[in-house]
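Morning, everyone. Please look at the model first.

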Amino acid sequence: MISSLFDNVNWLAALAGGAAYYVIGAAWYGILGKGWMAAAGLTSEEIKTKFNKAVYGLTLLVEIIIVLFMGALMGPNLSVSDAAQFGLIVGFIFSGLTTYIHYLYTMRNGMLIFYDAGYTTIASIVAAVIYAVIS
């Protein structure tokens, strides 16, 4: 199964979808950053002094991989509507709810899930639609 999973992958669509995923994250946390920092229990000063900027490149790489696998699972010729629904399922159900479970066990602030799952849901929908349109 895995060896044939990538037979019909559109690499350009995966790169474009991954880039969109990244840009949405930058905008999302840029706009909602103060609320997210409060929910995460972080301060601007902590982020300025402790944050490793190499995470940005790693994030882009991981998001391209996410969209690559989304595209492989969606297959070719998926309608925009079906792609949006697929993105919703991946973003909210698989990513969002998995994150929520982690937050329960790590006793994270309950509001944090709205920021993080909101982002992955919207970004997954947009990335899936971009993938479907380019494919």
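Contact here means heavy atoms within 4.5 Å. Helices (H or I, at least four residues) and strands (E, at least two) are DSSP runs, numbered from the N terminus. The model is predicted, so local features need pLDDT of at least 70 and side-chain atom pairs count only at pLDDT 80 or more, while totals for chains, interfaces and linings use all residues. Residues are numbered from 1 along each chain as its sequence is written, and side-chain values use heavy atoms, with hydrogens and water left out.

Two packed helices are described by the angle between their axes and the distance between the axes. Axes are lines fitted to C-alpha atoms, for helices over the stretch in contact, and angles run from 0 to 180 degrees between N-to-C directions.

Start with α2 and α4. Their axes come within 8 Å and cross at roughly 130°. α2 is therefore oblique to α4; angles under 35 degrees count as roughly parallel, over 145 as roughly antiparallel, 65 to 115 as roughly perpendicular and the rest as oblique. The crossing of α2 and α4 is right-handed, a term for the near helix being turned clockwise from the far one by less than a right angle, with anticlockwise being left-handed. On the α2 side the contact includes Trp-11, Leu-15, Tyr-21 and Tyr-22, and on the α4 side it includes Tyr-56, Leu-60, Glu-63 and Val-67. The residues of this contact divide into 13 nonpolar, 3 polar and 1 charged. Ala, Val, Leu, Ile, Met, Phe, Trp, Tyr, Cys and Pro count as nonpolar, Asp, Glu, Lys and Arg as charged, and the others, Gly among them, as polar.

Next, α4 and α6. The axes come within 10 Å and cross at roughly 55°, which makes α4 oblique to α6. This crossing is right-handed. Glu-63, Val-67, Met-70, Gly-71 and Met-74 of α4 touch α6, where Tyr-119 and Tyr-131 are among the partners.

Then α4 and α5. Their axes come within 11 Å and cross at roughly 125°, so these two are oblique as well. Met-70, Leu-73 and Met-74 of α4 contact Ala-83, Phe-86, Gly-87 and Val-90 of α5. That contact has 6 nonpolar residues, 1 polar and no charged.

Now the pocket. On a 1 Å grid over the protein atoms alone, a pocket is an open set of points where a 1.4 Å probe fits, with protein on both sides within 12 Å along at least five of seven lines; lining residues have an atom within 4 Å of a point. How big is the largest pocket? Its volume is about 1,000 Å³, counted as the space filled by probe spheres set on the points, which are joined across faces, edges and corners. Of its 26 lining residues, the closest to the centre are Gly-25, Tyr-29, Trp-36, Tyr-56 and Thr-59. The largest share of the lining, 10 residues, comes from α2.
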